Amino acid sequence: MEKQEPTKGTIQQADEDLLASLGYKQEFKRAFSGVETFGIAFSIIGLLPSIASVLFYSVPNGGPSAMVWGWAVASIFILFVGMSMAELASAAPTSGGLYFWTFSLASPKWRNLLAWIVGYANTIGSISAIASIDWGCAVQIMAAANIGSKDQSFVATDAQLFGVFACVIISHAIICCFGTAVLARLQSVYVGLNVLLCLAVIIALPAATPKEFRNTASYAFGNFTNTSGWPNGYAFILSFLAPLWTICSFDSSVHIAEEASNAAVAVPWAIVGAIGIAGILGWAINVALAFCMGTDLDAIMSSSQPMAAILFNAFGQKGTLAVWAIIVVCQYMMGSSMVLAASRQSFAFSRDGALPFSNWLYRMNKYTGTPVNTVWFTCILAIALGLLAFAGTSAINAVFSLSVTALYIAYSIPIIVRFTNSPTNSFKPGPFNLGRFSLPVAIIAVLWMLFMGIVFLFPATPGPEVPDMNYTIVVMGGVMFLSLVYYWFPKYGGIHWFKGPIPTIDDQVDGTTVDSLEKKGADVAVNNV
Ligand SMILES: *[C@@H]1O[C@H](CO)[C@@H](O)[C@H](O)[C@H]1NC(C)=O
């Protein structure tokens, strides 16, 4: 017997057959190679600019030990989450992702409600991810103004920061309405810039740092300095927010599953690969920073941006401005990718009617070919979250933990229902499969997400003089509560009409089909992320 070599044709056929078995017809071109699929996940992680944005979480909560060991511990656990998600993605590579898996794996009694909760958590998570990325970007822009000003005398006020933040988001909304094709082309430039930045910090920073700021190995790897006011153990755990926020939204590569070639293999490996590489490179960056930041952590924290302060000591004003400009560009690009991903997610969710004003949201603009309404919907809500800046630092910082907590709710539910409903549901392992390690890995992943979710419900800064209301739970709890009220609302609530994701092939759930024109419109948006 001659062995059949897998050709492009047979891979494509296998992709289409798998998709058909999930209830969807092939509508996208399978244009993404394995490496490009990885590129999407990796670019939304945006390693160096992200680390810059959340350094304010690791520096006061343990200093060098939190940066180096906090990162190492947390990224290992994040890898467990990624492996569990990768198994699901391998079994059912559809762009609906989390929301689709929850619906198809949960028991019929619960699946509508659980898919509803996952959809809402995912929506809040994506919107607060936009808000936190663009807030980080605004802080970085103002840090550049601070570095560039004479004697670093310029310090931005809250109102100025908010103004820049709002402008950044509005510009993202405009780009995502009109220029998505340009953004898609720029992805590879952007991945290149990101790698360049990592090398600059790992190689050039240690070379350029003057003696007085260089730290010994015992300081970089062993010193624990806690200036947050929390007990040491708790402070160390809080510092995990830095890696958690940085290595998040890795479900983005799932959303292009229907455009990826050999998706059942490419998507899971993109998730695991992006987490693994971000974990290792990010660790190296943190080690480099720990060696080059000097020992005066208070000075770093009271500067306009911690990472900028560290770079300034090594590169001086001009050098720092040059590196910083690239960081700002990368952070800006990451924000625009996030707006695209979020607008597409809420577009899909409103296609199934679940969001308020779904009829208005689920509309493809005929002129631009993009879901203009959901772009503005996500951006305006993100700007509203930015108003928390006026309630104080801990309030705006809560937007960062909000995005992680909300996404973890959306990540954990499909992983749980896969096992709790395991004998009866239709889960068939794909090519990426951990075998008998599946269950232990999933247990570790879910316990980790549960634990971190609980940690972030506590206020981020102790002390009576700080407004220590926890805004994570206020916003998160508030939106989830309202979404449940909407679900159970008499007569009009989702319970009466919400039927989960609507398949595009007949004979599934009530034989409902999607108007193919509308579906085409959705593809345009999806294609461009
Ligand atoms: C960490 O470094 C600081 C500054 O050099 C020092 O004051 C402190 O005692 C060190 N702490 C530990 C646990 O080594």
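Select Gly46 to begin, the residue that follows helix α2 and has a positive phi, near 45°; helices here are DSSP runs of H or I with at least four residues, numbered from the N terminus. This is a predicted model, in which local features need pLDDT of at least 70 and side-chain atom pairs count only at pLDDT 80 or more, while totals for chains, interfaces and linings use all residues. Residues are numbered from 1 along each chain as its sequence is written, and side-chain values use heavy atoms, with hydrogens and water left out.

Next, select α2 itself, residues 34-45, whose 12 residues reach 17 Å from first C-alpha to last, close to the 16 Å expected at 1.5 Å a residue (1.5 Å times one less than the number of residues). Among its buried residues are Thr37, Gly39, Ile40 and Phe42, where buried means under 20% relative accessible area with a 1.4 Å probe, protein chains only.

Move on to helix α7 (residues 158-178) and helix α14 (residues 306-351), which pack at an angle of about 55° with their axes 9 Å apart, the axes being lines fitted to C-alpha atoms over the stretch in contact and angles running from 0 to 180 degrees between N-to-C directions. Where do they meet? Val168, Ser171, His172, Ile175 and Cys176 in α7 meet Tyr332, Gly335, Ser336, Val339 and Leu340 in α14, contact meaning heavy atoms within 4.5 Å.

Finally, select Ser438 in helix α18 (residues 438-455), a residue that is buried, with a relative accessible area of 4%. Not counting residues up to four places away in sequence, Ser438 touches Glu87, Arg418, Phe419 and Asn433.

How values were computed
Helix = DSSP H or I, 4+ residues; strand = E, 2+ residues; numbered from the N terminus. Buried < 20%, exposed > 50% of the residue type's maximum accessible area, 1.4 Å probe, protein only.
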